[in-house]
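Please read them with the coordinates open.

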Amino acid sequence: MSTDPVRLEPDGPDAAARLAEEVARALVRNRDHMRPWEPNRPEAYYTPEGQAARLAPHPATRRWHFTEGTRVIGGITLSGIALGPFRSGNLGYWIDAEYTGRGLATRAVEEVCRAAREDLGLHRVQAGTLIANAASQRVLAKCSFELIGTAPRYLHIDGAWRDHRLFQRILHDDPPTP
């Protein structure tokens with residue numbers, strides 16, 4: 001393992017070109033580790049080209065990646081960002097199997113919630129976990145997310161429609177800014 005510290009950095013407009021190869025490498029390395037929590041993906045998803053397409057800038061998505069040196073070891077995404085009176089986004093994250101249990105996901109969720117409030121002016125962030133994903137539920141609880149319900153057959157994960165627990169964190173109660 002490198003002596004470089006682990007960093008969480010926003011992707012920026014050049015992310016697709018800069019990170020695609022290393023993100024693809026990380027996803028291949030963690031494919032079995034993430035299988036129970038992820039949708040079935042086409043083989044192209046695990047290629048640099050597939051990741052370049054996924055990482056291309058999108059107006060309703062913000063991404064950050066954990067790196068150690070040049071190695072990508074995790075990522076966090078705020079997607080489905082809606083402004084106007086809703087001012088909300090959906091949170092998703094993953095950590096390399098070698099790095100779980102170190103508080104990285106908690107650190108990332110806190111940073112993304114800060115950015116959601118301060119940089120994007122969002123009112124709330126929502127996250128969903130599989131019913132059995134106790135580790136992710138602990139991360140969300142540490143980050144002041146509250147359980148808001150259970151969604152039956154919410155997402156198609158690892159080959160079947162799976163129930164999810166839904167969580168939210170209210171970031172503030174200020175009125176929306178124009």
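1. Some terms come before the details. Buried means under 20% relative accessible area, exposed means over 50%, and partly exposed lies in between, with a 1.4 Å probe and protein chains only. Helices (H or I, at least four residues) and strands (E, at least two) are DSSP runs, numbered from the N terminus. This is a predicted model, in which local features need pLDDT of at least 70 and side-chain atom pairs count only at pLDDT 80 or more, while totals for chains, interfaces and linings use all residues. Residues are numbered from 1 along each chain as its sequence is written, and side-chain values use heavy atoms, with hydrogens and water left out.

2. Helix 4. The buried residues in helix 4 are L104, A105, T106, A108, V109, V112, C113, A115 and A116. An α-helix has 3.6 residues a turn, so residues three or four places apart point the same way. The end C-alpha atoms of helix 4 are 21 Å apart, which agrees with the 21 Å that its 15 residues should span at 1.5 Å a residue. The expected span is 1.5 Å times one less than the number of residues.

3. The largest pocket. On a 1 Å grid over the protein atoms alone, a pocket is an open set of points with protein on both sides within 12 Å along at least five of seven lines, a cavity is a set where a 1.4 Å probe fits but cannot get out, and lining residues have an atom within 4 Å of a point. Grid points are joined across faces, edges and corners, and a volume is the space filled by probe spheres set on the points. The largest pocket holds about 1300 Å³ of space. It is lined by 46 residues, of which E38, G92, Y93, W94 and S136 are the closest to its centre. Strand 4 (88-95) gives the most to this lining, with six residues. Other elements that each supply at least two include helix 2, helix 4 (104-118) and helix 5 (134-142). By class, the lining has 21 nonpolar, 18 polar and seven charged residues. Here Ala, Val, Leu, Ile, Met, Phe, Trp, Tyr, Cys and Pro count as nonpolar, Asp, Glu, Lys and Arg as charged, and the others, Gly among them, as polar.

4. The second largest pocket. Its volume is about 210 Å³. Of its 13 lining residues, D11, G12, T61, R62 and R63 are the closest to its centre. Strand 2 gives the most to the lining, with three residues. The lining divides into seven nonpolar, three polar and three charged residues.

5. The cavity. How many cavities of 30 Å³ or more does the structure hold? There is one, and the largest cavity contains about 40 Å³ of space. Its lining is made up of E9, P10, D11, R18, L19, H65 and T67. Strand 1 (6-10), helix 1 (15-29) and strand 2 (62-68) are the elements that give two or more residues to it. Two of the lining residues are nonpolar, two polar and three charged.

6. N30. This residue sits in the loop between helix 1 and helix 2 (31-34). N30 counts as buried because its relative accessibility is 1%. Its side chain makes a polar contact of 3.0 Å with that of D96. A polar contact is a pair of N or O atoms within 3.5 Å; within protein, one must be able to donate a hydrogen and the other to accept it, and residues adjacent in sequence count only if both atoms are side-chain atoms. Leaving aside neighbours within four places in sequence, N30 is in contact (heavy atoms within 4.5 Å) with W94, I95, D96 and A97.

7. Y99. The side chains of Y99 and E68 are joined by a polar contact of 2.4 Å.

8. T129. This strand 5 residue is buried at 4% relative accessibility. A polar contact of 3.0 Å links the side chains of T129 and Q137. Beyond four places in sequence, the contacts of T129 include S136, L140, D163 and F167.

9. Positive phi. R153, in strand 6, has phi near 45 degrees, a positive value in a residue other than glycine. R153 is exposed, with a relative accessible area of 59%. D158, in the loop between strand 6 and strand 7 (160-170), also has a positive phi near 45 degrees. D158 counts as partly exposed at 29% relative accessibility.
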